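Me: I am new to this structure. Please give me a close look at a single part, in short sentences.

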Amino acid sequence: MSLQDDLTAVRRNLNELVRSVERLEQDVARQAPAASGPAGREGMVSVPDTPYDSTLWTDSDDEGLGARDRRAP
């Protein structure tokens, strides 16, 4: 392949990339209003560093393991 052929292929790929990015930007712009979430729920929520109260987990099942007093089939 000659240098001219390489440059032509690069230009073609670059043009295709530009078109793909433009389509992606349009898709994001269409979905942006739906992705913003319900009104009044925007912003960050702070989570305290203090440990949770262990009584919150009383009588809870271990996720993926099932209940403590039962055996898997």
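How many helices and strands does the secondary structure of the protein chain come to? Please then look closely at the part around the salt bridge and its helix.

Reply: The secondary structure comes to 1 helix and 0 strands. Helices (H or I, at least four residues) and strands (E, at least two) are DSSP runs, numbered from the N terminus. This is a predicted model, where local features need pLDDT of at least 70, side-chain atom pairs count only at pLDDT 80 or more, and totals for chains, interfaces and linings use all residues. Residues are numbered from 1 along each chain as its sequence is written, and side-chain values use heavy atoms, with hydrogens and water left out.

Helix α1 covers residues 3-35. Arg30 forms a salt bridge with Asp27 (a side-chain nitrogen of Lys or Arg within 4 Å of a carboxyl oxygen of Asp or Glu). Their closest N and O atoms are 2.3 Å apart. A search of the whole structure finds 1 salt bridge. Side chains of opposite charge can pair when their charged atoms come close. Arg30 and Asp27 are 3 residues apart in the helix, so about one helical turn separates them.

Now for exposure. Buried means under 20% relative accessible area, exposed over 50%, and partly exposed in between (1.4 Å probe, protein chains only). Arg30 is exposed, at 58%. Asp27 is partly exposed, at 33%. Of the chain's 73 residues, 3% count as buried.

Next, Arg23, also in helix α1. Arg23 is partly exposed, at 47%. A polar contact of 3.2 Å joins its side chain to that of Ser20. Such a contact is a pair of N or O atoms within 3.5 Å; within protein, one must be able to donate a hydrogen and the other to accept it, and residues adjacent in sequence count only if both atoms are side-chain atoms.

Last, Val18 lies in helix α1 too. Val18 is partly exposed, at 39%.
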